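Subject: Structure handover

Hello,

I am passing the structure on to you, with the sequence alongside. Notes on the core and the pockets follow below.

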Amino acid sequence: MTGMVTQETLPGRDETNGHVRIGALVPLTRPGWDEAGRHLLAGMELAVREVNDAGGIMGRPVALVVRDTAADPHRAAAAVEELAGLGVAAVAGEYHSVVARAAAARADALGVPFLCASAVLDALTEQPTPWVARLAPAQSHGWRIYADHLLAAGHRRIAVAIDPSSVYWACGARILRDHLAPHDGTVLDVDVRGSTAASVCDTLADLHATALLLLVGHPEPAVSIVRSVRRDRRLAGITIGAPAGQPEFTGWATALGADGAAVPFLRYLPERLGPLGERVATALRERLAEAPSFVAFEGYDTVTVLADMLRSHGPDRRAWTPESWARVSVEGTRGRIRFSRTPDIGVWQWAWAPVQVVDRDPADPGRLRVLRTG
């Protein structure tokens, strides 16, 4: 396992002697979505710096012990085991849902507190656990809001370019199908396995769908599909959407330019940030040298929550109780964070982070437009 070393991020036991250590799981290399991982880590590092500037935890500085998951569930589970052996107070982070699920299962088995920052898969654990909590809204919550946006825009016949072998994409398609069906909405699967972008366009032309949703990886095949659809005259009137949030990051705009505009996606920010959120946004922009994504705010809030909890009962995870998450009440960048038990979700859940449907303005692809809030 490799760690990224910064002022607050140290690689192992000797270098963090005397520190309160928090394990950080982030995708920093391919095939992980490394741009999302970079934003997630930037938020976590900023929060660590601020915690330490304020005196740390009971007078002890905090250090992140970072492990790159590279979107590999087995690597993430092994990292949790390693971090537990290093004596971390808690584990935090991860962006990819299937990877976070593997990490959550291992944390539950080992009795290690794990605060999941970004992954949204409803079934993050197979059974209820006192050890795992999550900041991001469950997929069923956010994707239903996205489905309502589609309905309000007049879409009833919706194609999804999908890799059905992915649990995350398959769950997303099912959520959309179940929510749209009572409103006479139809979801039509276009299996991208073994397909080219051109053959996807041929299938779409035959389906006569009014919207195409990208339930596929980024940058490929998402970028190639968008380019092909934008250039196919048969599909001139089709709306392209990406509920998983691919257009949030600058890499999307860099790769696609104007072709990447007007592609609605989900992000988890309020329409207006409060004073804390504005201050953090400024600091994150300086740290990242670009506009921070919602993932960077998730990283910051994750460490903020854990620091508050560790101040209240100390850094020894043996002091953790099944109700530790229930006592959380922390002002985050996107609102006050409290955890509760939510039906059909086995982890402690912030219900809910703010949800927006957003796209890039065709007149200025660098500007984001809020289309719906939920």
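The largest nonpolar core has 106 residues. Within this core, L64, F114, W143, V305, W325 and F339 have the most contacts. Helix α10, residues 294–313, gives the largest share of the core, with 11 residues. Another core, of 27 residues, lies apart from it and includes V190, C201, L207 and A209. Please keep in mind that this is a predicted model.

For W143, leaving aside neighbours within four places in sequence, the contacts are Y168, W169, G172, A173, I175, L176, L215, P243, A244 and L266.

The largest pocket holds about 730 Å³ of space. Its lining has 32 residues, and W33, H96, Y168, W169 and G217 are the closest to the centre. Two of these, Y168 and W169, are also in contact with W143. Helices α3 (97–110) and α5 (167–180) each supply at least two lining residues, and α3 gives the largest share, three residues. By class, the lining of the largest pocket divides into 20 nonpolar, nine polar and three charged residues.

The second largest pocket has about 520 Å³ of space and a lining of 24 residues. Nearest the centre of this second pocket are R267, R285, A291, P292 and L368. Two or more lining residues come from each of α9 (275–288), β15 (356–361) and β16 (364–373). The lining of the second largest pocket has 10 nonpolar, six polar and eight charged residues.

Regards

Technical notes:
Residues are numbered from 1 along each chain as its sequence is written. This is a predicted model: local features need pLDDT of at least 70, side-chain atom pairs count only at pLDDT 80 or more; totals for chains, interfaces and linings use all residues. Side-chain values use heavy atoms; hydrogens and water are left out. A nonpolar core is a set of buried Ala, Val, Leu, Ile, Met, Phe, Trp, Tyr and Cys residues joined through side-chain atoms within 4.5 Å. Buried means under 20% relative accessible area, exposed over 50%, partly exposed in between (1.4 Å probe, protein chains only). Helices (H or I, at least four residues) and strands (E, at least two) are DSSP runs, numbered from the N terminus. Contact means heavy atoms within 4.5 Å. On a 1 Å grid over the protein atoms alone, a cavity is a set of points where a 1.4 Å probe fits but cannot get out, and a pocket is an open set with protein on both sides within 12 Å along at least five of seven lines; lining residues have an atom within 4 Å of a point. Grid points are joined across faces, edges and corners, and a volume is the space filled by probe spheres set on the points. Ala, Val, Leu, Ile, Met, Phe, Trp, Tyr, Cys and Pro count as nonpolar, Asp, Glu, Lys and Arg as charged, and the others, Gly among them, as polar.
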